[in-house]
Amino acid sequence: MRPVLFSSDLRSIEARAAASGSVSLEELMERAGSAVAEAVHLRASDGSILVVSGSGNNGGDGWVAARILRARGRDVHVASLAELQGLPEPARLAATRAIEAGVPWSRADAALVADLAREAALVVDAVLGIGVRGAIREEVASVLQAMAVCEQPVIAVDVPSGVDADTGVLLGPVPR
């Protein structure tokens, strides 16, 4: 039997691990971003990568993946739904490190994401993660729609954005 965890269980486990000092939230983000970068590399060993990043820690995972991919010599661009100063720690630190490592970024909107996705070999969905609840804001929904109709493969961090991680209910457009 495999236990199933709800998103609240996962957040609780992360918080307890950080509080115990066994691992920091920053280290958890590094591990997640590294795993995403490896999945991207295995799926698309060449070509440019578009990372669409949200305003929370899921977005931070995307920033880490972008930094690691850039260090491997990949052409990567982050389209961020949030201004950097609005990101929570450790996501802001992940974004800062990626930018310092030379990762280019732009403020995301649907038109930009659609344009960049057309040129990419693969798109990373690091927008919402496991914490999404209820209706999705129009700005986010329009970006998710642009990702949903792009022809390139999409790798989601945690779960595809727009899916309630506890119920599987679609809360808006969902990237494939």
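The structure is a predicted model. Five strands form an open, parallel sheet in the order 3-2-1-4-5. Strand 1 is largely enclosed by the rest of the structure, because five of its five residues are buried. The largest nonpolar core has 28 residues, and a second, separate core has 20.

**The sheet**

- The strand order is 3-2-1-4-5, with parallel pairing. Strand 3 (105-107) and strand 5 (154-156) stand at the edges with a single partner strand each, so one side of each has no neighbour in the sheet.
- From one strand to the next, the twist averages 20°.
- Five bridges join strand 1 and strand 2 in the parallel sense. Within this pairing, Ile49 stands opposite Val76 of strand 2.
- Strand 4 (residues 122-126) pairs with strand 5 in the parallel sense over three bridges. Val123 has Val154 in strand 5 as its bridge partner.

**Strand 1 and its two faces**

- In a regular strand, side chains alternate between the two faces of the sheet.
- Strand 1 is covered on both faces: Ile49, Val51 and Ser53 are buried on one side, and Leu50 and Val52 are buried on the other.
- Ile49 touches residues beyond four places away in sequence, including Val40, Leu69, Val76, Leu122 and Val124. Arg74, Asp75 and His77 are also among the residues that Ile49 touches.

**Ser53**

- Ser53 is found in strand 1, which spans residues 49-53.
- Ser53 has 0% relative accessibility and therefore counts as buried, the cut-off being under 20%.
- A polar atom of the Ser53 side chain lies 3.1 Å from the backbone oxygen of Gly59.
- With neighbours within four places in sequence left aside, the contacts of Ser53 include Gly59, Trp63, Val78, Ser80 and Val127.

**Helix 6**

- Helix 6 (residues 138-148) packs on the sheet and touches strand 1, strand 3, strand 4 and strand 5. The direction of helix 6 makes about 150° with that of strand 4.
- The buried residues in helix 6 are Val140, Ala141, Val143, Leu144, Ala146, Met147 and Ala148.
- The cover over these buried residues includes strand 1, helix 5 (110-119), strand 4 and strand 5.

**Nonpolar cores**

- In the core of 28 residues, those with the most contacts inside it are Val40, Ile49, Val51, Trp63, Leu87, Leu122 and Val124.
- At least two residues of this core come from each of helix 2 (25-43), strand 1, helix 3 (57-71), strand 2 (76-80), helix 4 (91-100) and strand 4. Helix 3 gives the most, with six residues.
- The second, separate core includes Val113, Ala120, Val132 and Ala146 among its 20 residues.

**The aromatic pair**

- The count of aromatic pairs comes to one. The pair is formed by Trp63 and Trp105 and is edge-to-face, at 6.1 Å centre to centre and with 65° between the planes.
- Trp63 lies in helix 3 and Trp105 in strand 3, so the pair ties together parts that are 42 residues apart in sequence.
- Trp63 is buried, with a relative accessible area of 0%, whereas Trp105 counts as partly exposed at 27% relative accessibility.

Methods:
Residues numbered from 1 in each chain as written. Predicted model: local features only at pLDDT ≥ 70, side-chain atom pairs only at ≥ 80, totals over all residues. Heavy atoms only, no water. Helix = DSSP H or I, 4+ residues; strand = E, 2+ residues; numbered from the N terminus. Buried < 20%, exposed > 50% of the residue type's maximum accessible area, 1.4 Å probe, protein only. Polar contact = N/O pair within 3.5 Å; in protein donor to acceptor, adjacent residues only side chain to side chain. Contact = heavy atoms within 4.5 Å. Pairing = 2+ DSSP bridges. Axes fitted to C-alpha atoms, helices over the stretch in contact; angles between N-to-C directions. Core = buried A, V, L, I, M, F, W, Y, C linked by side-chain atoms within 4.5 Å. Phe/Tyr/Trp six-rings, centres within 6.5 Å; stacked < 30°, edge-to-face > 60°.
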